[in-house]
Each structure stands twice: as C-alpha cells, then as structure tokens.
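Subject: Structure handover

Dear colleague,

Please find the structure below. My notes on what was found follow it.

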Amino acid sequence: MTKARNSAFSESFSSGRSSHAGDYLGAHKTQAGAAFRVWAPNALGVSLVGDFNDWSPNKSPMKNIGAGLWEIEVSGFKELDSYKFAIMSKDGQILWKADPYGTFSELRPQTASRLCTLDGYRWGDEKWLEYR
C-alpha cells in the first residue's frame, strides 16, 4: 500500500470520519496474493497466521504502519484460505482473533476467517431495497 493512502485512511479512521473502513481493513485480494490490515492500537505486535504458515505466529509478522494499524501482504494466498490475527498483548499473551472485517469464516466450532472476494456475487435484495 502507498504511504499516502495509509496516512489518509489513518486520519479519517482515527477521527471517526471513515465510512468505508472495510474497503481498507481486513483481507483484500491482490495480484500477488492478498493484503491484510487490522486495527490493534494496544498490541505489542501482530502476526498473520493460517494454513499457509502452519499457524505459526513467528513466521508472518505484520508491519506497524502507525495509528494502531498493522499490515502485511502475503504472496500466493488463495481464495478461501483460512487465517487469523495473532495479537501480542501488553501482558505477553498471544490472542488469536478472527478478522472483524472478514467477509467469510469457517463454520462453528472453528472460528478462522477465510479470504473471500465479493466480486461477481449477485445480490438478491432488489425487492427489499425498493421496499425500505
């Protein structure tokens, strides 16, 4: 991501003016794989974990890009691959968290998020939209 886009989003998100945070945060397919961003302002560190790295919090540390935002791009990440954020808390615990901006997840009792794009999805709520 560009530094200018990160800065613009940080400013609007921090001030409460960001109306489309999901367009920036969460998982987004890229040409090389996928980009992941999460807001974890009190974290000492954040890693992306999933099948792609044997669920190891040490293999894919995310970069702190300021204002509590963390980011990583992973090459080869495919549609429906599972992932979570491993967040290092101030007291040293590693908290395994699903993506709050995720668009798809595993079925219970599993709780991981899954990379899923909504491109090409045909929404079927036209009647409801007209009604409201």
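Which residues lie nearest the centre of the largest pocket? They are Ala-27, His-28, Thr-103, Cys-116 and Thr-117, out of 17 lining residues. The model is predicted, so local features need pLDDT of at least 70 and side-chain atom pairs pLDDT 80 or more, while totals for chains, interfaces and linings use all residues. Residues are numbered from 1 along each chain as its sequence is written, and side-chain values use heavy atoms, without hydrogens or water.

A pocket here is an open set of points on a 1 Å grid over the protein atoms alone, where a 1.4 Å probe fits, with protein on both sides within 12 Å along at least five of seven lines; lining residues have an atom within 4 Å of a point. The largest pocket holds about 230 Å³, a volume being the space filled by probe spheres set on the points. Its lining has seven nonpolar, six polar and four charged residues (Ala, Val, Leu, Ile, Met, Phe, Trp, Tyr, Cys and Pro count as nonpolar, Asp, Glu, Lys and Arg as charged, the others as polar). Strand β1 gives the largest share of that lining, four residues (strands are DSSP runs of E, at least two residues, numbered from the N terminus).

β1 also belongs to an open antiparallel sheet of four strands, ordered β1-β2-β5-β4 (strands pair if DSSP finds at least two bridges between them). Its edge strands are β1 (26–29) and β4 (63–66), each pairing on one side only. β4 pairs with β5 (residues 69–75) over three bridges, and Asn-64 has Trp-70 in β5 as its bridge partner.

Regards
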